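Visitor: Could you take me on a close look at just one spot in this structure? I'd like to see how a pair of neighbouring pieces sit against each other.

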Amino acid sequence: MALLVDRHRPRSLDTLSYHHDLSARLRSLAQSHDFPHLLMYGPSGAGKKTRTIATLKELYGPGVEKIKIDNRVFQTTSNRKLEFNIVSSVYHLEITPSDVGTYDRVVVQELLKEIAQTQQVDLSAKQRFKVVVINEADHLTRDAQAALRRTMEKYSPNLRLILLANSTSNIIAPIRSRTLLVRVAAPSEEEICTILGASAKRENWSVAPGLNKRIAKESGRNLRRALLMFEAIYAQSEKVSDSTPIPPPDWEALISVVAKEILEERSPARLLQVRARLYDLLTHCIPATTILKTLTFKLIVNVDDTLKPEVIKWSAFYEHRITQGSKVIFHLEAFVAKFMRIYESYLMGMDF
Amino acid sequence: MPADIRSFFGGKSSQGSATSPTKPSAKKETPARSKRSRKVVDDSDDDDDVVVTKASAPKTKAPSKAKPEVPEGEPTTTSDYFASSKKRGRPPKSDNTDKDAKSSSSTATRAESPKASKKSTERKNTTDAESRRGAKRASALLDDEKQGDDDIFATEYGKSGKWDDDYKEEENDDDSDDFDLSVKPASGARGRPASKKRSAFDEDDEDVVMEDVPHRPASAAKSATSQTQRKRKSEAVDKDDDEFEVTKKKAGAGGKSKKPRASTAKKDQPESKEIQDIFDSIPTIKAPSPPPPPDPDAKPSKFVFGGGKSRDPVSGSADIPVGAENCLAGLTFVFTGVLDTLGREEGQSLVKRYGGKVTTAPSGKTNFVVLGSDAGPAKLNTIAKHNLKTISEEGLFELIRRLPANGGDGKAAEKYEAKKKEDEEKVQEMAAEIDAEEKRKAEQKRKESKSSQMTKVSNDSKATNVDDLLWTSKYAPTSLNMICGNKGAVEKLSSWLKNWRKSAQANFKKAGKDGSGIYRSVMIHGPPGIGKTTAAHLVAKLEGYDVVESNASDTRSKKLVETGLLGVLDTTSLQGYFSTSDKKVDSGKKNLVLIMDEVDGMSAGDRGGVGAMAAIAKKTQIPLILICNERRLPKMKPFDSVTFEIPFRRPTVEQVRARLLTICFREKMKIPPQVLDSLIEGTHADIRQVINMLSAVRLDQNEQPGQALDYDKGKQMSKAWEKHIILKPWDIVGKILSPQMFSQASSATLNDKSELYFNDHEFSYLMLQENYLRTKPARANNYEGKEHKLKLLELADNAASSISDGDLVDRMIHGSQQQWSLMPTHAMFSFVRPASYMYGNMMERPAFTSWLGQNSKQGKLSRYVKEIQGRMRLRASGDRHEIRQQYIPLLWDKLVSRLMVDGKDGVEDVIDFMDSYFLTREDWDALVELGLGPMDESKVKLETQTKASFTRLYNQRSHPLPYMKASNVLAPKKAPKEKPDIEDAIDESDDDEVLADESKDDEENDEIDLKKDKLIRVPKKSAAKKGSAKSSTSAKGKGKSKKANEDDFIDDEDDAPKPKKARGRKPKA
């Protein structure tokens, strides 16, 4: 009953449907006796996790698919209790240190040491080491990354790390040099179309190639997103044709509303309204950078070409500030104010 | 206005005088006064034509006389206009005198100042006292006959009538016409001379004369030759002539002219009322022109400009006039809008300095409204409603300059005088009372000392020396009616104490009249220095109770309160039983009252004191009076509903003033009431502080006699003694965004502005961010239409980007760097700078910052997302953001909208689906809450039946569980007795402690077990077993056991949740 995207997830390297050469390399790595630390990076929805699990299966056999979740409590030096989820099988462990925010160092230090200092219990295991998969490695704080580096060398007999990240830019150089970088590129639109077609066939749904193409385009080459959209469309409409509209996710719909409001009227009072909407988005856990990016692209379609560079410039400017500052709403608001001013003065044909 | 006049004069300009000549001549003539005349010219720039016409018209007409009334009237008016504008600052006499000398032949330059008229009347009527009245009457009559002009005109009229009736008539007509046209300046000018006359400014006159002397010959000649010319020339010439005349008059009439003046001065007092009326009316007329409610802003400002006075000489606040002492006595002012040169505070203190009263909202009693730009619409409405006189800043200055000391004999001043007298009488009365009291005491003491001479009670005599006492105790009230303010509260206290015995007999069951009967104790609370302690002591004394007092100087911990007070609570006073030889034993005097002062001063050292106090307050056997400043503090909570609350409020200025005047009187200090008022205001009616200040002043005066305390010094002093009040966030933002803060006239420095931020550095900038878009920015006021719109956006953008800058600084302060020294920088970027762009009137009340609420909501929702993601993790691979952004829209579709569409039929499917992702019922609710926009929570409409059956079905079924909550798992960790849990194990470094903790752990375990029971039954047992097993190992090597323990724990985990899918979970309640 699960969703398409989870039901049709390939479980082994063989069944992966694209990047075959990458699959082959991973297979040969897994079969060698010298499995390195890996840093898999690529945009979300490209299949990093799926590929990782498949690699693990290649390493240990089907045992890795029996996973469970542990809920652990860590205590920081300031006596704060941190709840932390660990997904694990007998052979591997999967953690998301960024769940505990700035305390990720504590988790990394305690947990990794604890695991690394014990040997593989299962004597029949194919490998002597355990694998720790670290999700969102690019969100690790500097401290946590620094804590990782020595662990990686010292405990290498017992432990292999697979870091998953969206980009390597936030990962410190010492870590990068200790890992094998594996880039998982986003699937091309054709690949997505094929996958969608295959899924539809497995579900006995009618196939609409035009629609698939549109989904692939709309999803921004994010396969997860494409599949979820695909399912949403089929869930909502009985008859699917090439022209069936693709419903946007709730937050995107709201951002379009914001963009429309901004373009409609530019005034401090409107800015206040927009602020309320932005607060809404933020409280509902939409990251500020996502909001800013989406909003920018929604605005840009509707402004004159001469304004575009300016808008993009300020968008980038404030996106940078969002990561630098602490109260993101201030920067979002400043961007909106800036846009209103630019747009208004453009419309009036004067410079201020 | 100008337009009107112009049209009015249209005919005249045709008549001819050359426009060009007039103007230059004016300029030429006025070199000496270039500035003033300049202004006039400037002003009239738009009206050039008018000016010309005016000047020329009189010329031609004068000879021809009255017939063409309209034209003639015009000339007069214009000249009036000029004169007024030009002469504002000047003494009015010049104009007047002009008339005297020339009136017959002269074109009757309109503006016959009242003064002149007066003089003339005086001359004629030998009875000085009657003269004015007579004039007035005459004028009134004339008015009736003619057009019913205003008083001023009437007076003029009357006076002029004496000289040359026809002529006057014309004049009068003209004047009235002008007036109708609402020539503000004219009216202002008139008012001015009148008031000046009032004050009999001999000095001024003389000065002017001196100045003008050199001009005399020329002007005289001119006047002799042709008046027309004179007229044409600018007013300066006129003036010269006038002056000349004056001097002449003076010289000629010599004794006469002086006499009337002197007499008027004298008259002022006795004559008072009628003349006051005139006086009052004069400023009135001048004032009203600007107000019309619809768009008052434009007019006054124009007027000021036309008046010409303000701009040139302004140069900041330099030209604030010096007036006679107390000249605004009895007048009530309201300030509204932003003034040109004065800050509002300054203006208000200016009015107060001269004895005027300032209120914040206009009402029927308001005498003048000082109007600046941007006045609030509400105020304007009231002004219109009550038809109040509005004046500009200039007008205020004029008032101050003109009005004689003590407000002359105006009505208001008279009232004021009467009141003052009354006050004085009261003061003397009170002083006498105190005197008597003191005498009585002294008497008593003498007696006592006599009797005790043998017993050598020397210290008594020492104590009696009243002068040694602090003033605060020396002048402490000795009877209830001497307490300033809070009469009701004191009465309540008194009646409570009086009835205490009775209530005690009723076992505190009868509430009594004011509900105080059920309380054994009272709590008096209020700000410091308003007489709480004094009142308590006094009431106790008057009710015949002996006082036991305890205050912050005693330690009042729980123990001490309990033991120390026990002795007091159940006893009676013995004071009555013992006495000195000659005093009777007063056996009735056995009542005790316990006064606990400064209850909120029970601090960390007084642990449990408050609680103990509250307990005692509930069952005390003697009356208990508790006193504190802050009742609202959380630590004062135990007293809730235990005590009878009597709030004390700050007394009003009036209430305090009388008392202070008494003290001053007794101490033979001369302090003007308005100085006292400022002291009282400055201390927020803290009587004790004011008395101490007076005491200090007294000491100063002893050392440097002759240094009286004047208004400025008083201000300074109260400023120096000022108690700093921390502003509330709302007030902070209201202040920083107020137009006054950044107006040119504002005296607030950058430092003052950033000081506001530090009133509450955590909130101030958030409040500003919340509210900066809700103002009407003053900076955009000068723009219109589209530009205005763009300007607004520009300002908003600047402010927003400054706030954004501020956030970066904030990060440096609160982030890992902790650079607190950057706070002033943060204040600038996030607070002062944005406000400097967006200041202006607030369009609505400042709202509280929404950031805090939104932030905590975000925290809550992100916990939901985390939880959902945690549960789905076994199935879905995405991180939190992916789950929120991609999965949740679809999940919402499948779970929420399915139920909305299909109703009960969908329930089974929904639950199946939820189970497949390990989602719980709570997650379903969270999902609803997480919806946005089209999926907003408010749009989720579920039939109650569907929801009920959903809940019921969900609870009936068993569901797979991906993992156990950590709190559940805690038990196995605790079970091993030596190692309470992993965290502890990690923390503990020495073994001894662990052993010591064992017993405690046991207790804890018991509690926890109860809690966990439901879910943990099985794992707990096994864990316990393991724990015991472990304990043996751990005894051997603690260091290792730590790790081992953890491993075990993990193993435990494996045992417990592994069969999760198969295992049914107990239905959750």
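This is a predicted model: local features need pLDDT of at least 70, side-chain atom pairs count only at pLDDT 80 or more; totals for chains, interfaces and linings use all residues.

Guide: Chain A comes with 14 helices and seven strands, and 44% of its 352 residues are buried. If you take the contacts in chain A between residues at least 6 apart in sequence, 71% of them join residues at least 24 apart. Chain B has 49 helices and eleven strands, with buried residues making up 46% of its 1069 residues.

Now for the close-up. Two packed helices are described by the angle between their axes and the distance between the axes. In chain A, take helix 4, residues 104-116, and helix 5, residues 142-154: their axes come within 8 Å and cross at roughly 15 degrees. Angles under 35 degrees count as roughly parallel, so helix 4 of chain A is roughly parallel to helix 5 of chain A. The crossing of these two helices is right-handed.

And who's doing the touching? On the helix 4 side of chain A, you'll find A:Asp104, A:Arg105, A:Val108, A:Gln109, A:Leu112, A:Lys113 and A:Ala116. Facing them from helix 5 of chain A are A:Asp143, A:Ala144, A:Ala147, A:Leu148 and A:Thr151.

Technical notes: Residues are numbered from 1 along each chain as its sequence is written. Chains are lettered from A and ligands numbered from 1 in the order in which they are written. Helices (H or I, at least four residues) and strands (E, at least two) are DSSP runs, numbered from the N terminus. A residue is buried if 20 or more other C-beta atoms lie within 10 Å of its own, exposed if 12 or fewer, and partly exposed in between; C-beta atoms are placed from the backbone. Two residues are in contact if their C-beta atoms, placed from the backbone, lie within 7 Å. Axes are lines fitted to C-alpha atoms, for helices over the stretch in contact, and angles run from 0 to 180 degrees between N-to-C directions. Angles under 35 degrees count as roughly parallel, over 145 as roughly antiparallel, 65 to 115 as roughly perpendicular and the rest as oblique. A crossing is left-handed if the near helix is turned anticlockwise from the far one by less than a right angle, and right-handed if clockwise.
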